[in-house]
Structures are given as C-alpha cells and as structure tokens.
Amino acid sequence: MLDNEEYSHGRRRSVDVGGLALALENQGLGHGWGGWEEGEQGGTSYAELLSDMYNHTHTTVNHHVNDLSPIVIPDHTRARLIESLDSWHFEPHNLPEDEVLFCTLILFESLFRIEHMHVDIGVSLDDISVFLKHLRLLYCGHNSYHNFQHALDVLQASQIFLRAAGVVPPTSILLESNDCTWRPDKSGNQGRLAFDLTNTCLFTLFIAAIGHDVGHPGLTNMFMKNAKAPLSAVYDDKSALEQMHYALLIQAMRHHGLGKLLDRPDSGRHFRKSLAGIVLATDMNIHCDFMRDFESLVTGKECSLPQRQLLLCQAIIKCADISNPSRPPGVSHYWASALMVEWTSQASLEKRYHLPPSVTPSDCPIAQVRGQIFFITKFAKPLMDLVAQAVPEMVYFAHQCTANLAMWEARQETMSSPSAEQVPCPHVVVPSPRPPEDYLCSFPLTLPPFVLTPDEPRASDEWHSVYPPSDSSSDVSSDVHVEHPVVLQSTSPPASPVPSVGSSYSLAPCSSSSSLASNTNDAAQTMRAAYSASVRKKRSFYHRRSWNASASSGSSPVISIPPPLLATIPKAALLVAKATASDGTKITSVTAMVTSRR
C-alpha cells in the first residue's frame with residue numbers, strides 16, 4: 001500500500017498514469033483493492049484514481065488562491081472576541097463570517113505568546129494569517145455542521161482543554177503588551193502527560209484542529225462506501241474523508257510558507273506523520289481502537305515519548321471534535337440540531353438513489369433526545385472520563401457532559417409520560433437542509449459516478465464552471481469528437497469567496513448509470529473521454545501512446561480544449577493535431593507524451 005503521507009506530500013513514484021499503474025502492479029495494488037476484478041483494468045483504473053486525487057487536490061486548493069492579504073482585526077472587535085474565546089460558552093455559529101476568521105487568528109496569536117514558539121516553528125503570523133484566510137474558502141459553507149464554524153469550535157475547545165492543563169496561555173494574554181511572553185509552570189508537575197507536549201506538538205494540534213474537516217462534503221464515510229464513491233476506492237473505505245482532509249490541508253500549507261514544516265530534513269517526516277495521525281483520529285470508525293490504546297497509556301503501559309505525545313494530541317482533538325455534549329445546554333442543543341439537519345440532507349440523497357440508509361435523522365423530538373442520550377452514553381462521556389484520568393484538569397468538562405446527559409434523560413422521561421406536561425425544546429435557528437443540487441459543488445471524488453451527468457448545454461456546446469472564465473483564455477480550440485464531453489475547469493480564481501468548490505453538473509435521475517465527469521484539466525480526463533469513445537488503447541500507456549478518432553457521421557458533442565490549459569497539465573504533454581486521410585476523412589489525433597521520473 002502506498003504511504004498516504006508520502007502520497008499527499010507529493011512524492012509520486014511516477015507522474016503518468018500508465019507508469020503509476022505498472023508501479024502499483026508490482027505492489028499488488030489495483031487488483032481487487034479498488035473494486036476491480038481484472039488485473040490490467042484494476043491497476044490502470046486505480047492509478048487513474050490516484051492521479052485524479054492528486055490533481056483534484058491541487059486544483060481545489062489552487063482555485064481559491066485569491067485576495068489573500070493578511071487578516072486585519074479592528075481593535076474594538078479584537079477585545080470583544082478575546083473575551084469570548086476564553087469562555088466555554090462559546091458560540092461561533094452566532095458570529096459574523098469575518099469574526100469567525102478573526103477568532104482563528106487570535107487563537108494562533110495567543111499560541112505564539114508561548115516562549116520560543118516563533119523560533120521552534122519558524123513561520124510568521126502573517127503566513128498563518130493568509131493560510132487561515134485560504135483555508136476558510138476550502139470549507140463548504142452549505143454544510144450546517146461540518147463548516148468553518150465547526151472548525152473554529154474544535155480549535156477553541158482544544159485551546160480551552162490545553163489551557164486548563166496549563167500548557168498554553170489564555171487568549172487574554174493578548175491584551176497585555178506585545179512583548180509579553182508566557183511559559184508553562186512545570187514546578188511540581190514533572191511526569192504529567194500534558195507537559196510532554198512540545199511547542200511543535202501544540203502547533204501541529206492547532207493546525208489539525210482548524211483543518212480537520214476541510215473540504216467536507218456534508219456526507220459520511222458510510223454514504224460514500226455504500227455509493228462506491230471514487231474517494232472510498234482510493235482509500236479502500238478506510239477513513240476516506242479524513243485522508244482527503246489531510247491531503248487538502250498540507251497542500252494549503254505549502255501555499256503559504258508552512259511547507260517548510262513538512263520538508264525539514266530532521267523533523268519534516270515526523271511532523272507530517274503527527275499531523276496525519278491527529279486528523280485521522282477524528283474518524284469515529286476507529287474510536288474503539290483509540291479508546292483501547294489510550295486506556296493502555298493511562299493504566300501504565302510503556303510508550304515512547306512520540307507515542308505519548310501523539311496519543312494525547314489525538315485525545316484532545318477527539319474531545320474537542322465531539323465537545324458539543326459537554327458545552328452549556330444551549331450551545332450543545334444548537335450543534336445537535338445542526339448535525340441533524342446535515343443528516344436529513346444526506347438521508348434525502350440516500351432515498352433518491354436507493355442507497356442503504358446510513359444515518360437516522362428524525363423530526364420526532366423524542367427520537368432526537370434518545371439520539372443524544374445514546375451518543376453521550378456510548379461515545380462522549382466514556383471519552384471525557386478516560387481523558388480526565390490522564391489530564392485531571394479536564395474533569396470539569398467531563399462533569400458538564402454528565403450534567404447534560406442527566407438533562408437529556410430528564411427530558412426523555414418527561415416526553416415519554418402521557419400525563420406529564422410537555423416541556424418545549426429550546427428554540428435554535430439552524431440552516432435548512434441542503435437541496436440535492438448543492439452537493440454538486442463538493443470535492444469531486446466524494447460523489448459517486450451515478451450522481452453526476454454533464455450539464456445540458458443551453459446555446460452552445462460549452463460547459464460552464466462555477467468559477468468565472470479568465471479574461472486571458474484563448475479562443476483557439478481543437479475539436480476532439482468524443483461520446484461524452486469533459487469538463488475543463490477554468491484556472492482563474494473566483495471573483496469573491498464562495499462556499500463550495502468544484503464544477504457545475506446536473507443531477508442524474510435515479511435510474512441513471514452515466515459515468516462520472518471529472519472536473520480537472522489533466523491528461524487522465526482526456527484519456528478517459530477517449531476510452532468512452534472506444535478509441536483508447538486498452539493497454540497501459542507507460543510509453544508514448546496516441547489515439548486517432550475518425551470523425552463520425554453522427555452529431556457527436558464537441559469539446560474545445562484551450563491550449564493554455566493543456567500546457568499546464570502536470571502528468572503529460574498532450575498534442576492535439578488534425579489531418580485529412582487520402583479518402584478525405586478528417587482525423588483528429590490526441591497524443592500523450594508521457595515520461596516517468598523518480
């Protein structure tokens with residue numbers, strides 16, 4: 001299996017799909033692992049999936065590099081937000097969008113008041129500021145739960161937990177002079193697990209917290225597994241969303257001066273593995289494994305220092321990710337309702353496409369109450385109680401979780417009694433469920449092939465991206481006759497921040513079996529189009545290959561391929577040429593000049 005961290009880091013063994021297929025063949029990958037039974041087809045198809053993942057990741061991140069100047073926070077707003085960030089009764093969902101972004105920077109600013117943090121990390125707050133501004137655009141604003149407000153919520157909860165443990169300062173330190181630094185008081189605390197965390201550990205945890213759900217489509221791993229979404233095939237149904245979040249996160253880091261942390265000869269690999277381990281820990285499918293490992297640590301099992309550091313960082317982000325049941329009741333109820341709305345949207349997709357139900361939303365108040373009781377009893381409370389054994393200062397949050405459980409149980413008892421007066425649930429305002437069309441702007445590989453079909457052209461054969469076309473786009477085009485047109489996404493960034501990413505599609509009917517139309521301007525896209533037109537050679541294209549498609553007498557759709565886009569293809573150079581045969585037949589040739597580099 002490919003090392004995910006190295007793959008996301010960009011160290012591909014081959015830059016062309018065919019060479020990658022051959023490389024994978026020697027490792028036994030792509031032969032059944034991705035869901036294909038025929039060896040040759042499986043190896044090549046899996047290689048194309050990896051190539052798609054690489055290119056979609058870069059395209060998604062690159063499209064949102066727009067006006068990314070450092071964040072400027074007005075002084076009067078800064079003081080108010082600093083005060084709110086030090087409170088456990090924190091409500092990011094009630095903040096304006098700009099103030100949500102301000103809060104993320106404030107938390108990093110307080111982290112950088114720790115003594116030697118600037119030196120140990122080696123990046124500036126201006127770089128972090130621009131990174132955060134970029135990262136916000138990669139979150140899907142259509143999601144009622146997995147959005148940038150949730151990312152801030154997790155970051156703030158992580159900071160609160162660490163502050164309680166005495167390893168980071170309160171945000172109120174920013175109200176003091178700019179040269180005021182902070183150091184943890186370790187006197188009498190030798191041997192405490194929290195003090196194993198270094199400055200680099202703390203920074204890694206902060207980055208993981210703010211980026212742990214970046215690009216989330218508002219769908220679960222189980223949905224994608226049942227729907228056979230390409231992303232699930234890429235990662236063998238193992239933490240597919242979390243692996244995607246990590247891939248997007250490190251690409252965003254590289255754009256803004258944080259890549260040096262990933263590439264340092266002495267510590268880069270450890271940083272990447274720690275970051276991946278923390279992000280992947282948020283997958284609830286591996287919750288039981290984590291609980292077993294952390295309990296072993298708490299009960300005295302011998303662990304190396306890096307293992308202890310990673311386990312504690314995983315514990316902190318897990319507690320923060322599901323901290324809602326330990327928040328004050330009003331805050332807790334909002335997030336519970338927001339998650340229910342997101343599940344309702346997913347359930348409508350599952351019903352539309354006849355997929356097995358993987359979530360159980362309900363409009364019935366008592367069913368929602370029972371759901372909260374189940375989640376707190378099964379997951380949140382055992383986790384909080386266990387972590388409080390390792391970090392005693394977190395017992396306050398464990399007690400709050402227990403109090404919330406008692407509140408839900410009392411509400412269930414009241415609602416179940418026919419003679420008792422019904423107690424209305426607190427009124428909260430949450431976004432409405434998403435219509436199915438909203439999902440078409442999700443990260444492309446998170447959607448199954450049968451959900452997507454090309455947009456119907458209105459007045460021409462052109463396809464339209466959700467991004468505005470570049471003014472510098474060339475009008476020169478080559479006509480390649482294929483069975484289905486392919487989306488070639490504009491390389492220009494959006495004119496203003498948008499809540500989602502991807503290209504424009506139309507939803508296929510329930511009975512549709514139309515294939516997935518990729519939205520990156522890469523070589524594999526054109527190759528698959530040629531394959532659909534039955535003009536692609538079936539063998540791997542490790543060496544130079546070309547496809548010659550005779551013009552059909554029928555009315556085939558025409559796709560225009562702007563030469564400037566082809567020139568930027570990272571995997572191969574494509575040559576598009578026209579010729580006329582001796583019998584007068586017009587021939588279009590698409591040739592891939594592919595090279596392998598190691």
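The model is predicted. The protein chain comprises 598 residues, of which 54% are buried. Its secondary structure consists of 21 helices and seven strands. Among contacts in the protein chain with a separation of 6 or more, 79% join residues 24 or more positions apart.

Helix H8, spanning residues 148-165, packs against helix H16, which covers residues 305-321. The axes of this pair lie 8 Å apart and form an angle of about 125°. An angle between 115 and 145 degrees falls into neither the perpendicular nor the antiparallel class, and H8 is therefore oblique to H16. The crossing of these two helices is right-handed. On the H8 side, the contact is formed by His-150, Val-154, Ala-157, Ser-158, Phe-161 and Leu-162. H16 contributes Ile-316, Ile-317, Cys-319, Ala-320 and Asp-321. Classified by residue type, the contact of H8 with H16 contains eight nonpolar, two polar and one charged residues.

A further packing brings H8 together with helix H5, which is formed by residues 97-111. The axes of H5 and H8 come within 10 Å and cross at roughly 25°. Because angles under 35 degrees count as roughly parallel, H5 is assigned as roughly parallel to H8. H5 passes H8 in a left-handed crossing. From H5, the residues in contact are Val-100, Leu-101, Cys-103, Thr-104, Leu-107, Phe-108 and Ser-110. Their counterparts on H8 are Phe-148, Gln-149, Leu-152, Leu-155, Gln-156 and Gln-159. The contact of H5 with H8 comprises eight nonpolar and five polar residues, with no charged residue.

In soluble globular proteins, nonpolar side chains tend to be buried together. In the present model, the largest nonpolar core has 130 residues. Phe-161, Phe-203, Leu-275 and Phe-294 are the residues with the most contacts inside this core. Of these, Phe-161 also takes part in the contact of H8 with H16. When neighbours within four places in sequence are left aside, Leu-275 is in contact with Thr-204, Ile-207, Ala-208, Tyr-246, Leu-249, Ile-250 and Met-253. Another core, of five residues, lies apart from the largest one. The members of this five-residue core include Tyr-145, Tyr-334, Trp-335 and Ala-338.

Note on methods:
Residues numbered from 1 in each chain as written. Predicted model: local features only at pLDDT ≥ 70, side-chain atom pairs only at ≥ 80, totals over all residues. Heavy atoms only, no water. Axes fitted to C-alpha atoms, helices over the stretch in contact; angles between N-to-C directions. Helix = DSSP H or I, 4+ residues; strand = E, 2+ residues; numbered from the N terminus. Parallel < 35°, antiparallel > 145°, perpendicular 65-115°, else oblique. Left-handed = near helix turned anticlockwise from the far one by under 90°. Contact = heavy atoms within 4.5 Å. Nonpolar A, V, L, I, M, F, W, Y, C, P; charged D, E, K, R; others polar. Core = buried A, V, L, I, M, F, W, Y, C linked by side-chain atoms within 4.5 Å. Buried < 20%, exposed > 50% of the residue type's maximum accessible area, 1.4 Å probe, protein only.
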